[in-house]
Amino acid sequence: MKANATQIRAAIEKLNPDTRLYLFHGPDEAGAADLASKLGKTLGPEAERIDLDMKALREQPGRLADEAASLSLFGGTRYVRVLGVEEGAAEAIGLLLTAEKAGNPVVAIGPGLKASGKLVKSVIAAQNAYAHACYVPEGVDATRLASNVAREHGLRLMGEVPQRLAAATGGDRAILAREIEKLALFLDAAPDRPRDADSAALDAIGADLGDSDLSDAITAVVDGRVGDVGEELARLGEGIGVPLMRQLARRLQAMAEMRIDLDRGGDMDEVLEKHRVFFREKAATGRALRRWNGAQLIRAIDRVRAAERAMMHSGSAGEVLAEAEAVTIARQAARAKG
């Protein structure tokens, strides 16, 4: 079944035992992860989570259905989370949806899946599954998201603060949550002691990221300035691993789309203008596009997304993994200079 934002939230808040799969697809991977987290919270704090990836589904297509039907080792509730779902998961998901029994819900996140693809269409056609498209919120939706996340931390955003936060974080939930957490800490806010957050408080924590935070680090990466990448990451400090990977993937994806236009004979200046590249990023973006081809960009996107998925697993190298990936891609860009 196809579900819009309201329908999927309602389905997650009141889980139907007959629903076997919740598939979140589309470019807003942070939004999909947030929905998956909410599903886990609905099941309760003691719920056991089993993580699978595409490698497991390819090697053992029947494992997904088996895990969905298995009892928890601790006798409580259980659910399965699958990251990085691709079209190759069709067999595993088909076995899950047609199995004699399941019992444990499966939440699958596929940022690269297309709504027009066979997998999404098959899930929409199923009566025991939901498919929801996740897109990065913009405009009013982004402002509403900022207010909702702030409310969860005991903050009432005043005046233009919701709009400023939405603009500064580009609708990315991970970055938005980090800035709101800083704001809540600064104001000593919590759900049981709500506080008003005005522009003065936002200025005090320096939450306007747009021109001076992650953007500079990402520009250094795509420009192949390896030394500058290290300096930028050191300046940013801890806690930026996942936001960095998400923003970098978004920049590379945009560049891949621009590369397609260029390969079709488009003029560089016209392509940069068409895709509304921020003026401070035009020079670096143009240089990167002149030395990277489409295949190289796609490989870089895959690496970044794989790194982010790895960081979401407990026991991973975390921040070190994100920094290493950023440096690796910057080195690839540097080697590609003509």
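Reader: Is strand β1 (residues 21–25) mostly covered or mostly open?
Author: Mostly covered: 5 of its 5 residues are buried, where buried means under 20% relative accessible area, exposed over 50% and partly exposed in between, with a 1.4 Å probe and protein chains only. This is a predicted model, so local features need pLDDT of at least 70 and side-chain atom pairs count only at pLDDT 80 or more, while totals for chains, interfaces and linings use all residues. Residues are numbered from 1 along each chain as its sequence is written, and side-chain values use heavy atoms, with hydrogens and water left out.

Reader: Which residues sit on each side of β1?
Author: L21, L23 and H25 are on one side, Y22 and F24 on the other, and all are buried. In a regular strand, side chains alternate between the two faces of the sheet.

Reader: What's the strand order in the sheet?
Author: β2-β3-β4-β1-β5, an open sheet of 5 strands with parallel pairing. Strands here are DSSP E runs of at least two residues, helices are H or I runs of at least four, and both are numbered from the N terminus. Two strands pair if DSSP finds at least two bridges between them.

Reader: And which strands stand at the edges?
Author: β2 (48–52) and β5; each has a single partner strand, so one side of each is left without a neighbour in the sheet.

Reader: How many bridges join β1 to β4?
Author: 5, and the two strands run parallel; L21 stands opposite V106 there. Another 5 bridges join β1 to β5 (residues 129–133), also parallel, with L21 opposite A129 and F24 opposite H132.

Reader: Switching topic, which residues have the most contacts inside the largest nonpolar core?
Author: L244, L248, L252 and M255, in a core of 39 residues. A nonpolar core is a set of buried Ala, Val, Leu, Ile, Met, Phe, Trp, Tyr and Cys residues joined through side-chain atoms within 4.5 Å. The largest share, 9 residues, comes from α13.

Reader: What is L244 in contact with?
Author: Leaving aside neighbours within four places in sequence, L214, A217, I218, L233, A322 and A326. Contact means heavy atoms within 4.5 Å. There's also a second, separate core of 27 residues, which includes A92, A108, L119 and A131.

Reader: Last one: where is K14, and is it buried or exposed?
Author: K14 is in the loop between α1 (5–13) and β1, and it is exposed, with a relative accessible area of 71%.
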